[in-house]
Amino acid sequence: MGESRRSFIKKTAAGAALFTILPRKVFGAMGGDKSYVAPSDQLTRGIIGTGGIGMSNLHFVSDEKCRLVSVCDVDKNHLDNALRTGEAKFGTKLQAYSDWRDLVHDPNVDIVHIATPSHWHGIMAVEACKAGKDIFCEKPMTRTIGEGQKVVEAVNKYGRIFRLDTWFRFKDTFYGLGTTVEPLKKLVDSGVLGWPLTVRISGATGFAWKFYWTGKENLEPQPIPKELDYDMWLGPAPYKPYHPHRVHQNFRGYWDYESGGLGDMGQHYIDPVQYILGKDDTFPVKVEVDAPAQHHDAVGIWRSITYTYADGCKIILEGEGFESEGKVPYIEGPLGKVYKGFECTIPNVMDIINSLPDPEPRNTDFLECVKTRQKFALAEENGHHSCTIVNLGSCALRLGRTLHFDPERQVFIGDDAANDLINQPMRAPWGSMIL
Amino acid sequence: MKKIFSAIICLVLALSLGAQDARQRSIDTIVADVLAAMPAQNAADQATQMADLAASAPSSIVKVASMLKPAAAGVKNSAFEYALTGVASYASANPSVAPAVREGLAQAIKATDDVTNKEFLMIQLRRIATADQIALFKDLAKNPSLAAAAVGALVDIPGADSAILDLVNAAKVDKSLLADAVSRKGLTAAEPALQAWAAASTGRELRAICSSLAKIGSASSLDLLKANSTADFADLAVKLADGTNSKVVAKAAKALLGSDVSAYKSAGALAQMKNNPLKAVKTLSAALKSDDVKFRNSVLNDAASIAGKDAVAALAQTMYPKLAQGAKADVLNWIGSNKIHNAAPLVISAIADGGDLASTAIAAAGKLGGGDCLQAIVSQLSGPASAAAQTALKSFKGDIQDAVGAAFDKELSAVTAGSKDYSSMMNIVNLISSRKLSGLAPRMYALAQSSDSKLALFGQTALASVVGAADADKLSGLLDAAQGDAEALYRNALQSSLKTLPAQEQFEKVSGMIASAKNPSRFFSALANSGADSAVDLLRKSFDETGDKAAFNALCGIRNYKAADQLLAIAKGNPDLADRAVESFTSLVSGFEKNADVKCGKYAQALSLAQAADIKSMILKQVAALPTMKSFLLAGKYLDDAAVKMTAADAVRKIASATKEELDYSTLKASLEKAAKAYTERGQADDEYAVKEIEKILGEAEPSPISELTAEEKKQGFEMLFDGTNLDKWQGDKEGYIPMNGTIYVSANYGSTGNL
């Protein structure tokens, strides 16, 4: 009964859905046969960081197209867990490393999957490029704007394939919008909303900023657990006495490693907006923050962060608990608005959208990209752009003032203290690896 | 002279403002005031406080810094940290106060013993340091625990090059740290020292030295790097290649090209091309013959940036016929993603060649666009690359209707002649449908009525995408007479044709069709689609009179709030239809009901009638979107229902986080703890987030502990008037005052003036 009921609703709601389903049912799957994988075509992957995300069902996988061959972690418990789980799940023994450079230089690894806290991402990605590996990197791409520039440079210089791991710009229903991004992109491209546009990413439009990722002040130094190589965990970050709240699940609450909910969710939420607005090749020129003064170590909360592009387009983030009251649009233009749930003030909006050609096709199969050396849909360049939006926000928060950014040179205008945050100090020897 | 003059001004300012501010406060008072305001709640407050602190620098800063204690249990440094970070930030934007702030921080660094606090102060000073602080940081670099912060500061300060070189020559500071600083500052003068260190270094230190030499080294470092680190050797070779056709670089490039690691080979090619740009084309032509796909693509892109896209395009076109399949694909992909329009003839001929590369060429042509490419792609709609052609045309910019129409006609005659399978036809019709090529509607009608059942199915399916309001009557006849699958497809098409008309007009048209139809029930869903009030009445009537499931189904699909009550009544009277009815009921309530409490009450009714777990979950998800106390209590009831407890857990968590209403703490705690337990037991990737969120909500909601009187106070005869739960000991008008969660609330309805 469940099936027929759902298909009835689909039929009445959207005739289009039927089309792709019915002929398939009648004639079977179409298209070229790509299911056979020759052993020489099989790719291999190593994961650095076997904590939460590295061990998730999404990523701790191994199949005939891409075999997981090695894992690395600075926490012995994490590493042991990965080996045990790997043996149980795939029936093979994974190669284990405690120094990530050994994994990066392992000749059996084709793809390096970076699943560490973000203060490591830039260095590992650059080193993997040098070692001739392709890269699958978790979000946020890098902790600083400077590290992002270095990753872009290295990927190009060494001809690597890079994928940043968020996906809403090319698949899946996009949070509060209840639709994938493509129809929104077509709508915006059609010009019916007018220009410039303001996009509001807020609880009021279906996005939560997860303010439980805040840090604690006045941490009392604690003994370092035996299983953890804390010095390696810190890596390029300044040395600070150990406290369990700094590492593993809670690291996002400290500026040295990430930037709280903004760092965690920012690229998920903002990257599709950058795509919709067609801003993959530029940056905002101004960022304004409304927030309490931030602690130098522990990430705090904020009320709003507002980005402005040179053409007047804006992206406004509203902090958890500080959302606009009432019904506010997700996208607002001079001629029309789009609300949560893809509710739009333009009549017959779906007809307008359906009458437009699809956006240019993009490469959304990472393994295929690795084989044919094509850029992935979300790669180093557009990934660096959306991550920079996140990082512009954290720079403005840490300084508590409005910052002006030069999108050509990628530097702040007339603010030395802000420019110091573009390339932050790194502990040796890690700094020179990414230069 | 100017410098001295401004220094005097600053000193005067510091003395006059610092010792006694406008409000005649002493340094201690100013510091106390600033610290009490930390952390400032907004930028304006912060600026005011920091202006006060900076105006009384350096002594105010020394004073605050002296309050920093070594981190330990119970030590709270954060107010001091906020103030010191804040004042450095303030000074970085207000140059007039910066000298006094720098002086304060410099004095504080000297006076502080604890290493962590000292480093914290150094980081603050570093943000605003000038050449005057070079000596201080150079001295601090001698302390191994502070060397990283000190050398880092020297890197940031303009004019500190010679200080860094002094440290390099003295070689008493950690070598990897210095190597790092040398490469950041590009200090080529340090090369001999680094080369000497490399001979005696290993491990991390050697890696740092090699990385640094790759950045600042000359040709004399090439051999050293070749022996120790191929990646850095490659980096340096590429860096040294500057178009002067150097023999050393040519030799290094050749060595790299001989590597079996594709990244090093690519770097070798890049060095070779940069070293002698005239040879770029030659390097590329060699690379295109390689069987290493990574190498080929790297060199294609690098050659384009060195020799220009036109030169690469010209070479690629000349070489194309002789290239292996893999290299041909690379060239086609490169032409497409770089939009090399003048290479369109090559792409078009590759399409005509067919074979394995046709799909790649079609994708490239799609990116290039233009009339020639359109024709070439359309010609493949009926070939083995039909699927690729369809994909490319879905996003092809411009008018494709006539070209696709011609392709359709050609394919139709081939299929009806029996010479082909149906897959290309399916792709063409799919394309017509997804691009809404309404000019091809007559062809779709003809196809829909074809005697070949498969072709008919294609046409019937596509109709919905190409019809308009004028087609309604024609489609009505087709629907009434349809057989099998065609019924659903014509219904779809009819609904699509009606959808632009106003509701009442739709209703009138469809009820007219019903009156004259042989199969009236086929029109019920079109009736429901109108959303008109009269459609609700007519459908309910049909269901009551005939028990026709089609009428019930249509009623479930109607977007009119009037249908909600009808559906609820049907759910109560027909248990076998209850789930279906409450599902639609809930969807209507969610979309139309404005009053949160009424909404919650309706969801409660729906939940009590729902039977299947997925329906209950669906309703609970709607409950979760209501941030009220009532919805919290409703969702909480389902935490013990094993089939829907995760949805209930999501609901209570979301409501507790979003609500602005006051929830009773013990109820809140009981439900959220149950939810947290459910998340922990399930243990999926995001569940940890959920548990953290719950802990945070509970932490914030926890009532502050009721204070107790000390023995001393009791002896003096004091008595507690409020125990957190009642107002028994209070006097006056207690109405409008509500004791809850250990706090006394004043009802907003009662007014704001207290009279307890």
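Here is a short tour, from the ground rules to a single residue.

## Ground rules

This is a predicted model, where local features need pLDDT of at least 70, side-chain atom pairs count only at pLDDT 80 or more, and totals for chains, interfaces and linings use all residues. Residues are numbered from 1 along each chain as its sequence is written, while chains are lettered from A and ligands numbered from 1 in the order in which they are written.

## Two domains in chain A

Chain A splits into domain 1 (39-165) and domain 2 (175-214 + 255-360 + 379-423), with bounds that come from an automatic or database domain assignment. Their centres, taken over C-alpha atoms, are 28 Å apart. Where they touch, domain 1 of chain A puts in 19 residues and domain 2 of chain A puts in 20; two residues are in contact if their C-beta atoms, placed from the backbone, lie within 7 Å.

On the domain 1 side, helix H6 (145-157) and strand S6 (162-165) of chain A each supply at least two residues, and H6(A) gives the most, with seven. Helices (H or I, at least four residues) and strands (E, at least two) are DSSP runs, numbered from the N terminus.

## The sheet of chain A

Nine strands of chain A form an open sheet with mixed pairing, in the order S13-S12-S11-S7-S10-S9-S8-S14-S15. Two strands pair if DSSP finds at least two bridges between them. At the edges sit strand S13 (343-344) and strand S15 (411-412) of chain A, each pairing on one side only. Strands of a sheet pair through backbone hydrogen bonds, either parallel or antiparallel. For instance, S9 (residues 304-308) and S10 (residues 314-318) of chain A are antiparallel, with five bridges. In that pair, A:Tyr307 has A:Ile315 in S10(A) as its bridge partner.

Helices lie across this sheet too. Helix H9 (residues 260-277) of chain A lies across strand S7 (198-201) and S10 of chain A, at about 165° to S7(A). Helix H12 (residues 380-399) of chain A lies across strand S8 (286-290), S9 and strand S14 (403-406) of chain A, at about 50° to S8(A). Axes are lines fitted to C-alpha atoms, for helices over the stretch in contact, and angles run from 0 to 180 degrees between N-to-C directions.

## Where the chains meet

Now bring in chain B: 88 of its residues are in contact with 63 residues of chain A. On the chain B side, helix H5 (residues 78-93) of chain B gives the largest share, eight residues.

## Helices of chain B

Helix H28 (residues 441-448) and helix H29 (residues 453-466) of chain B have axes that come within 7 Å and cross at roughly 145°. Among the residues meeting there are B:Met444 from H28(B) and B:Phe458 from H29(B).

Further along, helix H36 (residues 562-573) of chain B has buried residues including B:Leu567, B:Leu568 and B:Ile570. Helix H34 (533-546) and helix H37 (578-592) of chain B are among the elements that cover the buried residues of H36(B).

## One loop residue

Is B:Leu626 buried or exposed? B:Leu626 is in the loop between helix H39 (613-624) and helix H40 (629-636) of chain B. B:Leu626 counts as buried because 23 other C-beta atoms lie within 10 Å; the cut-offs are 20 or more for buried, 12 or fewer for exposed, and partly exposed in between, with C-beta atoms placed from the backbone. Not counting residues up to four places away in sequence, B:Leu626 touches B:Ala596, B:Lys599, B:Cys600 and B:Ser631.
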